[in-house]
Amino acid sequence: MKAGPDIAMIAALVGDPARANMLTALMTGRALTASELAHQAGITPQTASSHLSKLEAGGLIEQEKQGRHRYYRLSDPDVAGVLEGLAGLAARAGHMRLRTGPKDPALRRARICYDHLAGDLGVQMLDSLRKQRLLRQSKQAIELTAEGERFMAKALQIDAGALAHPRRPLCKACLDWSERRHHLAGTLGAAIMARFTELNWAARDAAPGSRVVNFTRSGEKRFAALFGEKPD
């Protein structure tokens, strides 16, 4: 056996359909109970408990106790990034679930990816930030420019200097499964999504397990004013 990270162990944890459904449900960024995750996976609570124990032992999820309840969440934003990347790989390889519904177009347009904006609008936002030279990107490496810092402060009242985190970069490229291009993750991506919510430009769909992000009419106009299509 070769030395190094055991990707087979992680792949085995993610590869089980029930566990994959539970992990996908946690990509909303919300903490969910074992019963809620069992419902999302279509399995019994007893079976869900066994799966959750394996995911926790594997470091993919963590639990938080509140009163008599235990809530589960993804252990790190990087887990969400890996899941989003795997979804993109599955889509490119043609491994798609056949069942679709009325939420599918909305999910592709704008959705939450743990704590940042994904989908068509998420990709559009990153493209616009690059075209306006507010971000510099080389492959997956992204850097906020000085002009970008001023833009964030003026347009969204975000202090980029206050977003430093010891375990998470300010800007990170996250491969979008539906658009097959990158959207913006990292602490800046999370701060922008949080600001959209605070300003009532957008809100997450209230349905359990839904990742859809709905923009208000005024929110769409303000988003387009900042990140609309601009010529190169």
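**Notebook: sheet, helix pairs and a pocket**

I started with β1 and β3, which run antiparallel and are joined by 2 bridges. For the record, helices (H or I, at least four residues) and strands (E, at least two) are DSSP runs numbered from the N terminus, and two strands pair if DSSP finds at least two bridges between them.

Ground rules before going on. This is a predicted model, where local features need pLDDT of at least 70, side-chain atom pairs count only at pLDDT 80 or more, and totals for chains, interfaces and linings use all residues. Residues are numbered from 1 along each chain as its sequence is written, and side-chain values use heavy atoms, with hydrogens and water left out.

**Sheet**

I looked up the partner of L32 and found Y72 in β3. The whole sheet is open, has 3 strands in the order β1-β3-β2, and its pairing is antiparallel. β1 (32-33) and β2 (61-66) are at the edges with a single partner strand each, so one side of each lacks a neighbour in the sheet.

Next I went to β2 and β3 (residues 69-74), an antiparallel pair with 6 bridges. In this pair I noted E64 opposite Y71 of β3, and K65 opposite R70 of β3. The two strands make a hairpin with 2 residues between them, and G67 in the turn has a positive phi of about 65°.

**Helix pairs**

I then checked α1 (residues 7-15) against α2 (residues 17-25): their axes cross at roughly 85° and come within 6 Å. My axes are lines fitted to C-alpha atoms, for helices over the stretch in contact, with angles from 0 to 180 degrees between N-to-C directions. On the α1 side the contact (heavy atoms within 4.5 Å) uses A12, L13, V14 and G15, and on the α2 side P17, R19, A20 and L23. I sorted these contact residues into 6 nonpolar, 1 polar and 1 charged. Here Ala, Val, Leu, Ile, Met, Phe, Trp, Tyr, Cys and Pro are nonpolar, Asp, Glu, Lys and Arg charged, and the others, Gly among them, polar.

For α3 (residues 34-41) and α4 (residues 45-57) I got an angle of about 100° and axes 9 Å apart. These two are therefore roughly perpendicular as well. A34, L37 and A38 of α3 meet P45, A48 and L52 of α4, and the contact residues divide into 6 nonpolar, no polar and no charged.

**Pocket**

Last, I looked at the lining of the second largest pocket. Its residues split into 9 nonpolar, 5 polar and 3 charged. α5 (77-92) and β8 (172-175) each supply at least two of the lining residues, and the largest share, 7 residues, comes from α5.

Terms used: Angles under 35 degrees count as roughly parallel, over 145 as roughly antiparallel, 65 to 115 as roughly perpendicular and the rest as oblique.
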